[in-house]
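Dear colleague,

Please find below the structure that I am handing over to you, together with its sequence. My notes on what was found in it follow.

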Amino acid sequence: MGRVPNVTRADAPTSRRSPLAFIAARWTPDPRTVRRAALAALVMAVVIVVTGGAVRLTGSGLGCPTWPKCTDDSITSTREMGVHGAIEFGNRLLTYVLCAAVGWAIVAARSQKPFRRSLTRLGWAQFWIVMGNAILGGIVVLVGLNPYTVAAHFLLSSALIAVATVMWQRTREGDGAPRPLVGKAVRQLVWFMVAASVLLIAVGTVVTGAGPHAGDSSEVARMPVDWETVSKLHAVLAWIVVTLTFALWFVLKAVDAPGGPLARTRELFLILLAQGAIGYVQYFTDLPEVLVGLHMFGSCVMWIWVLLVLLSLRERPGTAAPDVAVPAAQEPATSASIAGPR
């Protein structure tokens, strides 16, 4: 038998140290690096949605007919599978890029000094969502692009974008208790807008599941609902979100709210107008693939800005980085009873 090493009580913490703790003990990233890592994870979450849409819109959903391999005999796509196999396999490879971006965000958050547990947890939440969505993506292929699994795949991607957005915002804030910048009535209006946006996205997946772009050139089952009717419902929900956004902007102007919420609301309103224009054009031009892809990208951008509006309604005390614009969020409100505590 070999000689058993003599491990003292002082050596125990080192022996239990995780790889992340090992890296954190030797590297302290700049706050800007942490922000960039979180932003990279958010950008990749949007990219994977857009490329996933490209897979569906080019009819490449079953370009790799099985999972986790591309074929029963090959991990990668083969020349015989043509362009559809290359597109589907390329999208699968981007999942690894997404994992790398999320991993970088986790490492950067864990290594930041002082340690911020909330950031690390948000990074790990993204990791587990990515893993779950990868498995769900495999199920989508194995069940032949069942529209309900495709819808769930997109909704889980929207959840990933939500967590990534929150993490990115948190990297630009302190760790103090959140302090509201507007009154309760304004916050309730924003929550109504968030709820309407969630419904808008959910109904959008039904439009996709009932529409003509099934994701493959073969016969693929569609949701048994009238596409015209559900498209009109989607449009009504879009107008509800637009109306709530305009009402929010009007209220924020009326109470002389801080510049941060006002700017995010104005940006969201412009994004919604552009997204609505694309939606109507694609509807009246028989859903050209390019416009459908732009509409999917616009859906991601809209969802990010809805969350940014929500997150802009409070501030967290802390030392702001030099390149983070905060003076606008410190402007006094003229009506404290409506604008809320400052």
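**A loop residue and its distant neighbour**

Arg26 is placed in the loop between helix H2 (19–24) and helix H3 (31–57). With a relative accessible area of 55%, Arg26 is exposed, since the cut-off for that class is over 50%. Arg26 and Ser111 are 85 residues apart along the chain, yet their C-alpha atoms are separated by 8.4 Å.

**The chain as a whole**

Please bear in mind that this is a predicted model. The chain contains eleven helices and two strands, and along the sequence they follow the pattern α-α-α-α-α-α-β-α-α-α-α-β-α. Of its 342 residues, 46% count as buried. The chain exposes about 17,700 Å², of which carbon and sulfur atoms supply 67%. Among contacts between residues at least 6 apart in sequence, 78% join residues at least 24 apart.

The mean pLDDT of the chain is 87, and 88% of the residues reach 70 or more. Over residues 319–339, however, pLDDT stays under 50. Where pLDDT is low, the predicted coordinates should not be read in detail.

Helix H5 (117–142) has 26 residues, which should span 38 Å at 1.5 Å a residue; the end C-alpha atoms of H5 are 38 Å apart, so the two values agree. Just after H5, Gly144 takes a positive phi of about 70 degrees. Val143 lies in the loop between H5 and helix H6 (147–170), and its relative accessibility of 43% makes it partly exposed. Together with Trp67, Ile135, Ile139 and Leu142, Val143 forms a nonpolar patch on the surface, with about 440 Å² of accessible area in total.

**Helix H9**

Helix H9 (residues 259–284) also has 26 residues, and reaches 38 Å from its first C-alpha to its last, close to the 38 Å expected. Its buried residues include Leu262, Leu268, Ile271 and Leu272. Among the elements that cover the buried residues of H9 are helix H7 (184–210), helix H8 (227–254) and helix H10 (289–311). Just after H9, Asp286 takes a positive phi of about 60 degrees.

**Salt bridges**

How many salt bridges does a search of the whole structure find? The search finds eight, and three of them are described here.

- Arg92 forms a salt bridge with Glu88, the closest N and O atoms being 3.0 Å apart. Because these residues are four apart in helix H4 (residues 82–111), about one helical turn separates them. Arg92 and Glu88 are both buried.
- Arg316 forms a salt bridge with Glu173, with 3.8 Å between the closest N and O atoms. This pair links distant parts of the chain, 143 residues apart: Arg316 is in the loop between strand E2 (314–315) and helix H11 (336–339), and Glu173 is in the loop between H6 and strand E1 (179–180). Arg316 is partly exposed, with a relative accessible area of 24%, whereas Glu173, at 12%, counts as buried.
- Glu267 and Arg264 meet through their side chains in a salt bridge (2.9 Å, N to O). They are three residues apart in helix H9, and therefore about one helical turn separates them. Glu267 is partly exposed at 28% relative accessibility, and Arg264 is partly exposed at 25%.

With kind regards

Methods: Residues are numbered from 1 along each chain as its sequence is written. This is a predicted model: local features need pLDDT of at least 70, side-chain atom pairs count only at pLDDT 80 or more; totals for chains, interfaces and linings use all residues. Side-chain values use heavy atoms; hydrogens and water are left out. Patches are made of residues with over 30% relative accessible area and no salt bridge: like charges are joined within 9 Å, nonpolar side chains (Val, Leu, Ile, Met, Phe, Trp, Tyr) within 5 Å. Accessible areas come from the Shrake-Rupley method with a 1.4 Å probe; for residues, only the protein chains shown count as cover. A salt bridge is a side-chain nitrogen of Lys or Arg within 4 Å of a carboxyl oxygen of Asp or Glu. Buried means under 20% relative accessible area, exposed over 50%, partly exposed in between (1.4 Å probe, protein chains only). The expected span of a helix is 1.5 Å times one less than its number of residues. Contact means heavy atoms within 4.5 Å. pLDDT is the predictor's confidence in each residue, from 0 to 100.
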